[in-house]
Amino acid sequence: MKILSVVGARPNFVKIAPILRALTAANATRPPRDPVVSVLVHTEQHYDDAMSARFFSDLAIPTPDHTLGVGSGSHAVQTGEIMKRFEPVLIAERPDIVLVVGDVNSTAACTLTAAKLGVRVAHVEAGLRSFDRSMPEEINRLVTDALSDILFTTEVAADENLRREGHPDDHIFFVGNVMVDSLHWCRELARASTILDRLHLSARADDGGYAVVTLHRPSNVDAPAALERVLRALVVLARNMPVVFPAHPRTRARISEFGFESYFSELDETRGPQANGHVTLLGPAGYVDFFRLMSSARLVLTDSGGIQEETTCLGVPCLTLRENTERPVTVASGTSTLVGNDSDRILSGAAAALGGGRQVAQVPPLWDGHAAERIVQVLLERV
Ligand code: UD1
């Protein structure tokens with residue numbers, strides 16, 4: 001049996017790592033003449049060391065068998081380029097199934113390529129819906145699920161969405177969340193991370209604590225008015241506690257394009273981030289360092305779906321700078337609160353989260369560190 005897995009962008013790496021490990025473990029129990037052959041394709045939608053290579057080393061992901069060198073571009077250019085470059089790889093490899101994860105352009109493009117060649121597709125993180133088609137990821141999720149034969153889900157709402165869209169029950173497998181598998185796997189490494197020392201940050205709330213921000217969604221960073229509303233709130237918060245912002249390259253580019261540098265200060269290497277009414281801008285963090293930074297924060301503010309899930313597992317309050325979420329369980333039973341990008345709502349959300357102490361989050365069902373094993377089990381039975 002041959003399984004070809006696809007990754008392209010940062011969140012994909014976090015999701016694929018435990019699945020590849022579970023495939024290797026499954027092989028150890030199979031007869032040597034009947035191994036599962038695992039092929040890894042990296043489209044290189046993300047290509048900077050900080051956005052890609054660093055994640056491969058942090059998460060011990062094997063070197064890809066094929067790299068497609070796609071890089072950045074408009075949605076049509078990036079999607080088309082991935083399809084053009086993936087097709088010959090698929091024809092040469094002839095896998096029994098293509099495994100795609102998440103909702104980035106690489107996910108949808110490779111699914112479409114495989115479906116056109118009659119190769120079956122399994123989608124990890126299927127069924128999530130924000131019901132907001134202005135999000136590129138929502139389009140990617142709809143296309144990917146429509147064409148996938150095996151749908152692995154992370155939460156009950158996803159199963160309901162898929163059933164409503166007409167997917168038969170025997171295509172849907174509620175397996176839990178592979179991002180949580182990576183969190184469990186990295187726990188010790190994150191404890192050993194020196195990022196807090198390097199930044200002179202204290203994990204102790206009685207030292208005042210600190211907040212961490214990530215932002216990269218077009219709805220927050222591509223429109224100057226929206227980005228400025230968020231930054232106005234962040235600098236108010238930064239009068240009370242250091243606010244650190246490991247910025248995505250796209251966000252950093254927008255900050256300088258819109259002339260918003262005055263909201264920020266660069267890191268003071270000797271004293272670390274200060275509660276001085278400026279946000280401290282950092283480069284993108286690796287997986288292990290970000291895990292450490294996030295798990296010791298008093299507050300996380302983000303528009304990332306994955307971080308909503310991770311903060312729920314870690315019990316860290318999370319203000320989600322969006323009007324909707326495709327991950328409703330993180331709001332219903334986790335630590336996430338939707339606050340959009342309005343300055344006042346962000347600040348009142350921050351006051352409530354900081355005033356209420358650390359919430360006791362309920363970890364959603366099957367977010368237990370074993371989702372990848374369940375995925376591999378299903379693949380071995382169904383492919
Ligand atoms: C992509 C995903 C998004 C995911 C995010 C995680 C899509 C539609 N979006 O968004 O769902 O949450 O990744 O980070 O697939 N850039 C670099 N170096 C890199 C990669 C990107 O400088 O290694 C810059 C380029 O200027 C590029 C921009 O970031 O134009 C955006 O990259 P792109 O892959 O198009 O989308 P993301 O915003 O990263």
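**Sheet, cores and a helix pair**

Mentor: Start at Leu99, which stands opposite Ala122 in E5. The model is predicted: local features need pLDDT of at least 70, side-chain atom pairs 80 or more, while totals for chains, interfaces and linings use all residues. Residues are numbered from 1 along each chain as its sequence is written, and side-chain values use heavy atoms, without hydrogens and water.

Trainee: How many bridges join E4 to E5?

Mentor: Five, between parallel strands E4 (residues 97-101) and E5 (residues 120-124). Strands are DSSP runs of E, at least two residues; helices are H or I, at least four, all numbered from the N terminus. Pairing takes at least two DSSP bridges.

Trainee: What's the strand order in the open sheet?

Mentor: E3-E2-E1-E4-E5-E6-E7, seven strands with parallel pairing. The edge strands are E3 (66-67) and E7 (172-174).

Trainee: Switching topic. Which residues have the most contacts inside the largest nonpolar core?

Mentor: Ile19, Leu59, Ile61, Leu99, Phe152 and Leu293, in a core of 61 residues. A core is a set of buried Ala, Val, Leu, Ile, Met, Phe, Trp, Tyr and Cys residues joined through side-chain atoms within 4.5 Å. Buried means under 20% relative accessible area (1.4 Å probe, protein chains only).

Trainee: And which helix gives the most to this core?

Mentor: H1, with nine residues. A second, separate core has 31 residues, including Ala233 and Leu281.

Terms used
Buried means under 20% relative accessible area, exposed over 50%, partly exposed in between (1.4 Å probe, protein chains only).
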